[in-house]
Amino acid sequence: MKDTVKNLEALREMMRKNKVSAIIIPGTDPHQSEYVNPHWKLRDWVTGFTGSNGTAAVTLHDAGLWTDSRYFLQAEMQLKDSEVTLYKEDIPGEPTVNEWLATQLSEGEVLAVDGKMFSVVQAARLEEFCGENGFRFATDFDPFAKIYTNRPELPLGKIFEHKVEYAGESATDKISRVLAEAEKKGAEAILLSALDEIAWTLNIRCNDIDYNPVAIAYVYLSEDKKVIFIDERKVDADAKAFLDSIGVEVHPYDSLQAFLEKLKGVSVLLDPNKTSDTVAHWLVKAVPVYAASPVALMKAVKNEVEIEGTRQAMERDGVALVKMYMWLEKAVAEGKAIKETDVAQKAIELRGESPLYRGESFGMIAGYKEH
């Protein structure tokens with residue numbers, strides 16, 4: 001019996017105990033990330049599918065996995081004997097998650113999710129879907145704390161400063177610009193949930209997620225209060241000194257709820273597509289201002305230092321790729337059997353010859369023929 005079959009049954013047992021008829025499990029995390037730390041790969045644990053894009057839905061008697069065309073072959077292999085059916089996104093005749101659930105649930109039954117894993121917008125759409133079909137909607141169902149016994153812990157890698165010589169702008173200046181944009185939208189403060197936006201705004205980096213130099217954290221910014229919510233074990237003396245220098249306090253990662261619940265009368269900008277539904281509901285006495293985060297557009301406009309850094313990185317990477325192509329042509333001419341994984345490993349090796357190499361920015365895609 002595959003582990004996923006046992007995991008599915010453990011999940012269904014929790015559903016029965018809580019009178020839940022269906023659950024949706026996304027492939028994201030509380031920060032709405034596309035790529036996530038293993039701690040939050042809950043969909044993977046339930047289905048066995050490990051692609052970066054995919055959503056699972058489980059009822060008491062059936063289960064489905066929805067993903068896009070990049071992963072059809074992978075999903076077919078990984079879902080074999082898992083009791084999970086593959087549904088192909090954007091393919092005519094294939095049901096969407098909601099269309100499938102509409103055929104699985106009866107009026108009055110409960111569709112549940114963990115609201116931390118769904119944005120404000122996503123949760124609102126699901127609530128509307130349930131209302132239209134006579135289902136009940138719950139956003140407080142998190143069964144994995146009890147059934148995922150060997151779940152990976154959150155990472156404890158240290159954060160570090162991304163120096164101005166590479167960023168081209170100080171964190172202090174960025175914070176001022178972010179608050180000025182929030183004020184234009186009628187907010188006195190802003191809560192950042194997206195990990196890339198936090199890394200850019202504070203000029204910090206970490207290695208909490210493969211291929212993404214980000215730290216798992218939240219950031220609250222106002223004129224008189226600036227806080228990063230992060231596991232304090234990740235902040236060493238150097239990082240603490242840097243955060244102090246830009247006026248940012250360090251609070252425990254799991255203290256965000258208590259902090260937000262104490263805010264009174266403060267207007268706080270939340271991006272409804274990047275803030276989880278659960279976090280938004282913690283603003284019980286504050287005034288949420290739902291608007292697109294200004295950070296996304298700000299960090300999209302690169303300054304001269306960033307542009308020059310990109311040019312230099314592309315030059316270094318170009319050298320590594322030319323060396324790889326030369327190695328590949330020679331190996332093929334000599335009749336050596338080369339696999340796609342050999343090519344990917346060689347690229348990593350040659351890129352690593354640069355003294356500035358800090359790891360891959362994306363897993364290499366090396367394909368040939370049917371692969």
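**Figure 1. Asn 303 reaches two backbone nitrogens with its side chain.** The side chain of Asn 303 comes to 3.1 Å from the backbone nitrogen of Val 305, and it also reaches the backbone nitrogen of Glu 306, at 2.8 Å. Each is a polar contact, a pair of N or O atoms within 3.5 Å; within protein, one must be able to donate a hydrogen and the other to accept it, and residues adjacent in sequence count only if both atoms are side-chain atoms. Asn 303 sits in the loop between helix 13 (294-300) and helix 14 (304-333). Helices (H or I, at least four residues) and strands (E, at least two) are DSSP runs, numbered from the N terminus. The model is predicted: local features need pLDDT of at least 70, side-chain atom pairs count only at pLDDT 80 or more, and totals for chains, interfaces and linings use all residues. Residues are numbered from 1 along each chain as its sequence is written, and side-chain values use heavy atoms, with hydrogens and water left out.

**Figure 2. Asp 29 is buried and has no salt bridge.** Asp 29 lies in the loop between strand 1 (22-26) and helix 2. Buried means under 20% relative accessible area, exposed over 50%, and partly exposed in between (1.4 Å probe, protein chains only). A salt bridge is a side-chain nitrogen of Lys or Arg within 4 Å of a carboxyl oxygen of Asp or Glu. For charge, Lys and Arg count as positive and Asp and Glu as negative; His and the chain ends are not counted. The nearest side chain of opposite charge to Asp 29 is Arg 151, 9.9 Å away. The side chain of Asp 29 does make a polar contact of 3.0 Å with the side chain of Ser 33.

**Figure 3. The largest cavity holds about 70 Å³ of space.** Rolling a probe the size of a water molecule over the atoms shows where empty space is left. On a 1 Å grid over the protein atoms alone, a cavity is a set of points where a 1.4 Å probe fits but cannot get out, and a pocket is an open set with protein on both sides within 12 Å along at least five of seven lines; lining residues have an atom within 4 Å of a point. Grid points are joined across faces, edges and corners, and a volume is the space filled by probe spheres set on the points. The structure has two cavities of 30 Å³ or more. Strand 1 gives the largest share of the lining of the largest cavity, four residues. Among the lining residues are Ile 24, Leu 42, Asp 114 and Phe 118. By class, the lining has nine nonpolar, no polar and one charged residues; Ala, Val, Leu, Ile, Met, Phe, Trp, Tyr, Cys and Pro count as nonpolar, Asp, Glu, Lys and Arg as charged, and the others, Gly among them, as polar. Ile 24 belongs to strand 1 and counts as buried because its relative accessibility is 5%. The C-alpha atoms of Ile 24 and Asp 114 are 8.4 Å apart, although 90 residues separate the two along the chain.

**Figure 4. The second largest cavity has about 40 Å³ of space.** Strand 8 (residues 189-192) gives the most to its lining, three residues. Also in the lining are residues including Glu 197, Asp 271 and Lys 274. The lining divides into four nonpolar, three polar and three charged residues.

**Figure 5. The second largest pocket contains about 1,100 Å³ of space.** Of its 32 lining residues, Gly 51, Ser 52, Tyr 71, Gln 74 and Ile 365 are the closest to the centre. Helix 2 (42-47), helix 3 (72-78) and helix 15 (340-351) are the elements that give two or more residues to this lining. The lining of the second largest pocket comprises 15 nonpolar, nine polar and eight charged residues.

**Figure 6. Asp 196 and Lys 299 form a salt bridge.** Their closest N and O atoms are 3.0 Å apart. The pair links distant parts of the chain, with Asp 196 in helix 9 (residues 195-202) and Lys 299 in helix 13, 103 residues apart. Asp 196 counts as partly exposed, at 37% relative accessibility. The whole structure has 23 salt bridges.

**Figure 7. Lys 225 and Glu 249 meet in a salt bridge.** The N to O distance is 3.1 Å. Lys 225 is partly exposed, with a relative accessible area of 28%, and Glu 249 is partly exposed at 32%.
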